[in-house]
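Reader: Please take me through this model with its criteria stated.

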Amino acid sequence: MIRVFHGPTGYGNYAIITRGNGYATLYGHPHDLVAKDGDIVQRGDLIDHAGTTGNSTGPHLHFEVRKDGGYLDPAPSSRTARGAASRR
């Protein structure tokens, strides 16, 4: 399920997707959020459009992986990281 937030945080607009087993992903700084608070989203669903809300110096997506409230390095689970590692 997705939770959508708008407001005066460092992220500006942001969305958090709860993934079960204590995992969640955060998407920050979007211009607008396509998904609505409480939506059930699946892989491939459009969540938002990149932007520069909150404390941001230019349009981008801020991405975090969280486990039980702590922060994890997203690189080990990203396709980009796996692809880059396999080309070394």
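Author: From the N terminus on, the elements run β-β-β-β-β-β-β-α, where helices (H or I, at least four residues) and strands (E, at least two) are DSSP runs numbered from the N terminus. This is a predicted model, in which local features need pLDDT of at least 70 and side-chain atom pairs count only at pLDDT 80 or more, while totals for chains, interfaces and linings use all residues. Residues are numbered from 1 along each chain as its sequence is written, and side-chain values use heavy atoms, with hydrogens and water left out.

Reader: Which residues form the largest nonpolar core?

Author: A nonpolar core is a set of buried Ala, Val, Leu, Ile, Met, Phe, Trp, Tyr and Cys residues joined through side-chain atoms within 4.5 Å, and buried means under 20% relative accessible area, exposed over 50%, and partly exposed in between (1.4 Å probe, protein chains only). By that criterion the largest core has eight residues, namely Ile 2, Val 4, Ala 15, Ile 17, Tyr 27, Leu 33, Ala 35 and Ile 47. Strand E1 (2-5) and strand E2 (14-20) each supply at least two residues of this core.

Reader: Is His 29 buried or exposed?

Author: His 29 is placed in the loop between strand E3 (23-28) and strand E4 (32-33), and its phi is near 75°, a positive value in a residue other than glycine. Because its relative accessible area is 4%, His 29 counts as buried.

Reader: And is Asp 68 buried or exposed?

Author: Asp 68 lies in the loop between strand E6 (62-67) and strand E7 (70-72), and its phi, near 50°, is likewise positive in a residue other than glycine. Since its relative accessibility is 62%, Asp 68 counts as exposed.

Reader: Which element gives the most to the lining of the largest pocket?

Author: On a 1 Å grid over the protein atoms alone, a pocket is an open set of points where a 1.4 Å probe fits, with protein on both sides within 12 Å along at least five of seven lines, and lining residues have an atom within 4 Å of a point. The largest pocket is lined by 23 residues, of which Arg 19, Thr 25, Tyr 27, Arg 43 and Phe 63 lie nearest its centre. The elements that give two or more residues to this lining are E2, E3, E6 and helix H1 (79-86). The element that gives the most, with four residues, is E3.
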